Amino acid sequence: MTFALCLLPFALAFAQEPPAPIPATGATAAVPMLRVFLDCYECDTEYQRQNVTFVDYVRDRTDADLHVLVTTQGTGSGGSSWTVKFIGLGRLQRQDRTFTFTTEQTATSDDRRKAFSRIFKIGLVGYAADTSIAPQLDLTWTKPAATKAAVRDRWNSWVFRINLNGNFNGERTSKSSSSRISFSSSRTTADWKLNVSVGGNVNKNTFEVDEDRTVRSQRDNWFTEGLIVKSHGPRTSSGLRASMSHDSFSNIDRSVRIAPAVEFDFFPYKESNRRSLAVQYTIGMSRYQYREVTIFDKTEETVPNHSVSLSVGLRQPWGSLNAYSQLSQHLNHRDRWRSAIWGSTDVRLFKGFSFNVFAEYSKIKDQISLRKGGASTEEVLLRIRQLATDYSYYYGFGISYSFGSIFDNIVNPRFSGGGFFFFF
């Protein structure tokens, strides 16, 4: 929580100035081909280099005339909303433009990359017209079809999804399997957001230790969740969460929870694809029924609880930063609480050098569902029984440095294996 609070002034420092328009030019300037740094996690960059060839692609933004920063967000219908920010550098300083478009849920990867390529070219032309390749540029226009009458949405903005998957593997002395199923429905409008989801999974393992001993394990869980959110303006909203679940690992036969919440974002929600700083408070009630007697000699209990969380998200030309912290507490036993902090960042420090870090740490003082009695060796090694702990963590980091040619124009797929598919 403390870490996330410290990020508040850091996040506020990235308020953006309004973009300056690209000045009109009377004659083509004798300047080299436009150098572009394409900064996009979601794009097929090889496709763009092969099909948008009137610019030079560079590997580092410090060598670029134009930094193209692309972000996406999910839409209520399951598609994607794209924001393409053209950021002028060097001689194009303060000549920024922003384009937005959406792709449907049913769009294939080819549909998405073609849709982006069209917007990408439209945005580049205004800058490339000032370069030496301007005489080779042309413009085409596709006449739209006759306007059709507005189509009534028979689903009233509801979207439904079903997922079913499984995997199986084994050898002579062991085998394992897992299966998962989920169903979700959602309706998203400017004022309301409704989500309902149901799912579960089962994991089974069998190990033949020797001729006389076989160890079997099973871990299963299921859940159903609902969320309703009402918008109260560009920065505030309120909502209600309700859920029912089962988890064999946590000794929970059934749990039911209902909790209202309020949220405030220091930036308008419409800017969430580039920056967000939101605080949320939740208060509710949970009812637990346990599979076995707990360490507190309980087979069932009702727990009032509350939590406060703070989240930060930034996607800027220098990189990205995401952080989340939460503190939750039982209201009937104030000494039972949990705090967690999670963060990740990917930062370009200087030309060719970048680093990334991700980490999570939790302080745990609320394990009320632990089974009474000791755990067997098999239960510990196969992770089918939750054990007592007062903390958990994971972390990782990486650095990269590249040097050499600044250009990144050529695509050569030979011996990459990308054209081969095997089915078993």
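This is a predicted model: local features need pLDDT of at least 70, side-chain atom pairs count only at pLDDT 80 or more; totals for chains, interfaces and linings use all residues.
I take a residue as buried when its relative accessible area is under 20%, as exposed when that area is over 50%, and as partly exposed in between.

**Entry 1: Arg385 and its partner.** I looked up arginine 385 and found a relative accessible area of 9%, so this residue is buried. Its side chain meets that of glutamate 379 in a salt bridge, with 3.4 Å from N to O. Glutamate 379, for its part, has a relative accessible area of 23% and is therefore partly exposed.

**Entry 2: Glu271 and Arg275.** I then turned to the salt bridge between glutamate 271 and arginine 275, where the closest N and O atoms are 2.6 Å apart. Here glutamate 271 is partly exposed at 22% relative accessibility, whereas arginine 275 is buried, its relative accessible area being 9%.

**Entry 3: Glu292 and Arg371.** Which parts of the chain does the pair of glutamate 292 and arginine 371 tie together? I first noted that the two side chains form a salt bridge at 3.5 Å, N to O. Glutamate 292 sits in the loop between β12 (275-290) and β13 (300-316), and arginine 371 in the loop between β16 (353-364) and α4 (377-381), so the pair joins parts that are 79 residues apart in sequence. On accessibility, I recorded glutamate 292 as partly exposed at 41% and arginine 371 as buried at 11%.

**Entry 4: the count and a network.** How many salt bridges does the model hold under the rule? I have 15 salt bridges as the count. I also looked for linked residues and found that Asp44, Asp110, Arg113 and Lys114 are connected in a network of salt bridges. As background, I keep in mind that side chains of opposite charge can pair when their charged atoms come close.

**Entry 5: His246.** Is histidine 246 buried or exposed? I located histidine 246 in strand β10, which spans residues 236-247, and its relative accessibility of 9% means that histidine 246 counts as buried. The side chain of histidine 246 reaches the backbone oxygen of isoleucine 252 at 3.2 Å. With neighbours within four places in sequence left aside, I listed Asp220, Asn221, Trp222, Ile252, Asp253 and Arg291 as the residues in contact with histidine 246.

Key. Residues are numbered from 1 along each chain as its sequence is written. Side-chain values use heavy atoms; hydrogens and water are left out. A salt bridge is a side-chain nitrogen of Lys or Arg within 4 Å of a carboxyl oxygen of Asp or Glu. Buried means under 20% relative accessible area, exposed over 50%, partly exposed in between (1.4 Å probe, protein chains only). Helices (H or I, at least four residues) and strands (E, at least two) are DSSP runs, numbered from the N terminus. A polar contact is a pair of N or O atoms within 3.5 Å; within protein, one must be able to donate a hydrogen and the other to accept it, and residues adjacent in sequence count only if both atoms are side-chain atoms. Contact means heavy atoms within 4.5 Å.
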